[in-house]
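Hi,

Here is the structure I promised to pass on. Have a look at it first, and then read my notes below.

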Amino acid sequence: MTRHVFLNDTTLRDGEQAPGVAFTTTEKLEIAESLAAAGVTEIEIGTPVMGADEIETIRAAVARRLPVRLMAWCRMTSLDLDAAIESGVHAVNLSLPASDIQLAAKLGLDKAGALQVIQHMVRRAAAAGFFVAVGCEDASRANRDHLARVIETAARAGASRVRLADTVGVLDPFSTFELVAQLVAQSPIDLEFHAHNDLGLAAANTLAAIRAGARHASVTVLGLGERAGNAALEEVAAAMAVLDGADTGIELTALPDLAAQVAWAARRQTAAIKPVVGADVFTHESGIHVAGLLKDSRTYQGLDPALVGRCRRIVIGKHSGATAIAHVLSESGRDLDPDLAAAMVARVRREAAETKSTVTATQLIELYDKCAARHPSRSCAGPGQPCASAPTPQFCDQGECNELFR
């Protein structure tokens, strides 16, 4: 049976904590609408205790009546819960450190004191009618027995879910799987995993957590977030579909436009090699790759670009071969003369190396037309090679043939 996994998006909360990112109310509302349209079923919309402006924005989002659960992030304090009540949301994530280092340094609490706070605040939130999730900040460095007690205490007090956060991004997929599997086996309620990308493992760790039994995963569009960011919605959703056949409810073809929208609002450039949504991730230049792709796209494509609303693109550059050049020329109504193939490959490679760039289709046509005009019927293998156009067999080392290869 297909397993359903819930991707809970926190772009508008944790994503906005990235340095210099500040979404306007309009941007937040538009992104929330796009997330809902893409199939996200839960959005962490903001932190009400930040003040009146944040509360007003959250209330505006609530008023849109989007087909999603809007959740407010709160510290586990009465002040934060009161602000959430004022914001009009119906779900809260009450967060408290789980590790000894954070409990002591941030709150001056021990484990027993933390359990008392959890019991009191969760009961109060549940009594107020909230859907309650408990966030275990720094769970990756917390005592396992304490985490199990936190989950048990939270469930008894009325929480419906517990979030395990790798707050400083120190887990790997193996330790993530072990941690989550152990806690899932003991938990009476759903567990969620919240990854940070400090070691570049957020998406991998999220998949490991889901395979270990977590039913919820916290993500952000583009992996936007503090420091190195979070697990990226587009990466996790695509990987879950392709590798695990899991149903996340996400419309994968909506992801490129969603990523562009968030990048624009965050004033962030999206790297060309960004998985799933980067400009170059379905672009091919290597001659060996292109030759294989043109015969069977599966040779060098593990992710079908159509699955995420993208198209394959072939570009011409330093590593291109005659097959790729012929393909691009044919799309422009030119047939590559076999006698000119070697000359074109050499000329293209020189052009790409000199400009440190690809050769556009327009530039390729110009190069080919010049080549054809100079040598309409010659078979030239290049400088220093036998020249079939000479009256008697000889090697070409200067003149027009050299110019052709310049």
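One cut-off before anything else: a residue is called buried when its relative accessible area is under 20%, exposed when that area is over 50%, and partly exposed in between. Gln 119 has 30% relative accessibility, so it counts as partly exposed. Please also keep in mind that this is a predicted model.

**The chain as a whole**

There are 15 helices and ten strands in the chain. Its C-alpha atoms fill a box of roughly 100 × 40 × 40 Å along the principal axes. The radius of gyration is 28 Å, whereas a compact globule of 406 residues would come out near 22 Å. Of the 406 residues, 50% are buried. If you take the contacts between residues at least 6 apart in sequence, 71% of them join residues at least 24 apart. The chain exposes about 18,400 Å², and carbon and sulfur atoms supply 52% of that area.

**Helix α6 and what surrounds it**

At its start, a side-chain oxygen of Asn 143 comes to within 2.9 Å of the backbone nitrogen of Asp 145. Just past the other end, Gly 158 has a positive phi of about 120°.

Which residues of α6 are buried? They are His 146, Leu 147, Ala 148, Val 150, Ile 151, Thr 153, Ala 154 and Ala 157.

Setting aside neighbours within four places in sequence, Gln 119 is in contact with Thr 153, Arg 156 and Ala 157. From Gln 119 to Gly 158 it is 39 residues in sequence and 8.8 Å in space, C-alpha to C-alpha.

**His 194**

Is His 194 buried or exposed? With 3% relative accessibility, His 194 counts as buried. Its side chain has a polar contact of 2.9 Å with the side chain of Asp 14 and another, of 2.8 Å, with the side chain of Ser 218. Not counting residues up to four places away in sequence, His 194 touches Thr 10, Arg 13, Asp 14, Arg 163, Leu 164, Ala 165, Asp 166, Ser 218 and Asn 230.

**Lys 28**

This lysine is in helix α1, residues 25–37. Lys 28 counts as buried because its relative accessibility is 3%. What does the side chain of Lys 28 make a polar contact with? The partner is the side chain of Glu 54, at 3.3 Å. Apart from residues up to four places away in sequence, Lys 28 touches Leu 12, Glu 16, Phe 23, Ile 45, Gly 46, Glu 54 and Thr 57.

**Arg 3**

Arg 3 is in the segment before β1 (6–9). At 33% relative accessibility, this arginine counts as partly exposed. Leaving out residues up to four places away in sequence, Arg 3 touches Ile 210, Gly 213, Ala 214, Arg 215, Ala 246 and Asp 247. Leu 252 is 249 residues from Arg 3 along the chain, and their C-alpha atoms are separated by 17 Å.

**Cysteines**

How many disulfides does a search of the whole structure find? The count is zero. Cys 74 is in no disulfide, and the nearest cysteine sulfur, in Cys 136, is 15 Å away. Cys 74 is buried, with a relative accessible area of 0%. Cys 371 has a relative accessibility of 2%, so this cysteine counts as buried too.

Cheers

Note on methods: Residues are numbered from 1 along each chain as its sequence is written. This is a predicted model: local features need pLDDT of at least 70, side-chain atom pairs count only at pLDDT 80 or more; totals for chains, interfaces and linings use all residues. Side-chain values use heavy atoms; hydrogens and water are left out. Buried means under 20% relative accessible area, exposed over 50%, partly exposed in between (1.4 Å probe, protein chains only). Helices (H or I, at least four residues) and strands (E, at least two) are DSSP runs, numbered from the N terminus. A polar contact is a pair of N or O atoms within 3.5 Å; within protein, one must be able to donate a hydrogen and the other to accept it, and residues adjacent in sequence count only if both atoms are side-chain atoms. Contact means heavy atoms within 4.5 Å. A disulfide is a pair of cysteine sulfur atoms within 2.5 Å. The radius of gyration is taken over C-alpha atoms; the globule rule is 2.2 Å times the number of residues to the power 0.38. Accessible areas come from the Shrake-Rupley method with a 1.4 Å probe; for residues, only the protein chains shown count as cover.
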